[in-house]
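Hi,

Here is the structure I said I would pass on.

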Amino acid sequence: MKIAILGAGAMGSLFGGLLAEADQHVTLLDINDAHLHAIAMHGLRLETDGGDRHVRNLHATRPGGATDVPDLLIVFTKAMHTRAALASVHHLLGPATHVLTLQNGLGNVEALASVVQRERIFVGVTTWPADLAGPGHVRSHGTGVIRLMSADGERPPMLARVVDVLSAAGLNCHADENVWGAVWEKVAFNAALNPLCTVLNQPVDALGAVEDGLTLALTIVDEVLAVARASGIAVDAAKVNDNVRHAIVAHRGHKPSMLQDVLAGRPTEIESINGAVVATARRHGVPVPHTETLMQLVRLVQANAMHKQAP
Ligand code: NAD
């Protein structure tokens, strides 16, 4: 399959590297010139439980430099960069090109639907973890899964092909009728843990210091899942609560990407996570005071961090 990956940071590089190793035709599209240059010189360094190696059978270029129309475009920018990134790949969207988003947060399908018809959009979530260790070097330890579906709920032949191609690359992919439940469950988890760690400037396990950390996290999960239910989405509260409890105990020293972004003076995905939940909650008249307060606090932290970084 001809696959282009728009936004080849941590996740895009992991997926691109594994798909290229599985003999798919992969092009990474990014605007990080140091990363692109390192890949052009040495290949992509992929460090996983499967080993530390360089993947050389892929192309990496700025979006404007690509010419090959892909069968599948996987969007892996941070959510706030999706629209600008899509605007730079209009020339790559052929009549049969399908587009997949596994980004965190809400509103990703709406962003894709501004450039491609809904029946050619796939949406899902992934639990695969990845970090960019340096230019041209991605690291991912542990395992994960992908759950996805067509944005219009249909099952076109391309859906099965995409599931097969991702699974053949070892990415453990399944089509899932309740993909929106999975999206909202991940939003609930992220809306609780990412902003709390960001506001505290602490890793996830720091939330276990006193009982209030878990209480606050579970209160936010409750709020977000109430909004999901008001939107007609079936969600599993016990599962999300268990994931939150597990993360606080097990993710020792892990700084969520929202905190990493603030520390680096970059914008965060707060608007597509807590921000989108608050907007949806208002439409349904569901109170989400804790989710909203955290959104406001992260906006403040983010504005101050970006201000400090400005030249
Ligand atoms: P990242 O910041 O490492 O990568 C994003 C990439 O997009 C960067 O390389 C950046 O240069 C590129 N980009 C920005 N604007 C662009 C543009 N206009 N055109 C082309 N490229 C552009 O982020 P990530 O950690 O890979 O996360 C990507 C998405 O996946 C996010 O929505 C995130 O929440 C989600 N996610 C991340 C993880 C993880 O473990 N990292 C796990 C699951 C989901």
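The largest nonpolar core has 56 residues, and Phe15, Leu19, Leu72, Leu73, Ile146, Leu148 and Leu166 have the most contacts inside it. By core I mean a set of buried Ala, Val, Leu, Ile, Met, Phe, Trp, Tyr and Cys residues joined through side-chain atoms within 4.5 Å, with buried being under 20% relative accessible area (1.4 Å probe, protein chains only). Leaving aside residues up to four places away in sequence, Leu166 touches Phe15, Leu19, Leu100, Ile146, Leu148, Leu171, Asn172 and Cys173; contact here is heavy atoms within 4.5 Å. Another core, of 42 residues, lies apart from that one and includes Trp184, Val244, Ala276 and Ala281.

Before you go further: this is a predicted model, so to speak of local features needs pLDDT of at least 70, side-chain atom pairs count only at pLDDT 80 or more, and totals for chains, interfaces and linings use all residues.

Now the ligand. There are 23 residues around it, and Ala10, Met11, Asp30, Asn104 and Glu269 come nearest; a residue counts as near if one of its heavy atoms lies within 4 Å. For polar contacts (pairs of N or O atoms within 3.5 Å), a polar side-chain atom of Asp30 is 2.6 Å from a ligand oxygen. A polar backbone atom of Ala10 sits 2.9 Å from an oxygen atom of the ligand, and a backbone N or O atom of Ala130 is 3.0 Å from one. The protein buries 84% of the 830 Å² that the ligand exposes when taken alone, by the Shrake-Rupley method with a 1.4 Å probe.

Cheers

Technical notes:
Residues are numbered from 1 along each chain as its sequence is written. Side-chain values use heavy atoms; hydrogens and water are left out. A polar contact is a pair of N or O atoms within 3.5 Å; within protein, one must be able to donate a hydrogen and the other to accept it, and residues adjacent in sequence count only if both atoms are side-chain atoms. Buried means under 20% relative accessible area, exposed over 50%, partly exposed in between (1.4 Å probe, protein chains only).
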